[in-house]
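Hi everyone, thanks for having me. Let me put my structure up on the screen, and then I'll walk you through a few contacts.

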Amino acid sequence: VEVRPGRVQMKGALTFATARKARESALGMLERSQSNEPLTVDCSGVSASDSAGLAVLVDLLANATKRGRAVQFFNLPPGIVAAAKISDVDSILGIS
């Protein structure tokens, strides 16, 4: 995960093996940020994903919403899209 103000760039695997670290990095950025601007999460660098990756994104969305920030997800991997649809959380991630 690469974190910059207002932007989270997911890189590498977003799986059970990496979910905890990815979550900590993303939530740490939210805690340090003073902005109310929308948060952009770009997943174009994700090389592998599973349901744990989906959980990280849903958790990030929930925490950002609690802080009054909108989140926009881009370039979601097919595995996360499929898991989101099966889990019926696709609409909250902006998947159509």
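Okay, start with Asp59, which forms a salt bridge with Arg23, their closest N and O atoms being 2.4 Å apart. Asp59 sits in helix H2 and Arg23 in helix H1, so this pair ties together parts that are 36 residues apart in sequence. Keep in mind that this is a predicted model. Buried or exposed, or something in between? Asp59 is partly exposed, at 22% relative accessible area, and Arg23 is partly exposed too, at 37%.

Now the two helices themselves. H1 covers residues 19-32 and H2 covers residues 51-66, and their axes come within 10 Å and cross at roughly 15°. Anything under 35 degrees counts as roughly parallel, so that's what we call H1 and H2. The crossing is right-handed. Which residues meet there? From H1 we have Ala19, Ala22, Arg23, Ala26, Leu27 and Leu30, and from H2 there's Ala52, Val56, Asp59, Leu60, Asn63 and Ala64. Sorted by class, that's nine nonpolar residues, one polar and two charged.

How many salt bridges are there in the whole structure? A search finds three. Another one pairs Arg7 with Asp42, with the closest N and O atoms 3.0 Å apart. Arg7 is in strand S2 and Asp42 in strand S3, so here parts 35 residues apart in sequence get tied together. Asp42 counts as buried, at 9% relative accessibility, while Arg7 is partly exposed at 26%.

And then there's Glu2 with Lys11, at 2.8 Å between the closest N and O atoms. Glu2 is partly exposed at 31%, and so is Lys11 at 47%.

Terms used. Residues are numbered from 1 along each chain as its sequence is written. This is a predicted model: local features need pLDDT of at least 70, side-chain atom pairs count only at pLDDT 80 or more; totals for chains, interfaces and linings use all residues. Side-chain values use heavy atoms; hydrogens and water are left out. Axes are lines fitted to C-alpha atoms, for helices over the stretch in contact, and angles run from 0 to 180 degrees between N-to-C directions. Helices (H or I, at least four residues) and strands (E, at least two) are DSSP runs, numbered from the N terminus. Angles under 35 degrees count as roughly parallel, over 145 as roughly antiparallel, 65 to 115 as roughly perpendicular and the rest as oblique. A crossing is left-handed if the near helix is turned anticlockwise from the far one by less than a right angle, and right-handed if clockwise. Contact means heavy atoms within 4.5 Å. Ala, Val, Leu, Ile, Met, Phe, Trp, Tyr, Cys and Pro count as nonpolar, Asp, Glu, Lys and Arg as charged, and the others, Gly among them, as polar. A salt bridge is a side-chain nitrogen of Lys or Arg within 4 Å of a carboxyl oxygen of Asp or Glu. Buried means under 20% relative accessible area, exposed over 50%, partly exposed in between (1.4 Å probe, protein chains only).
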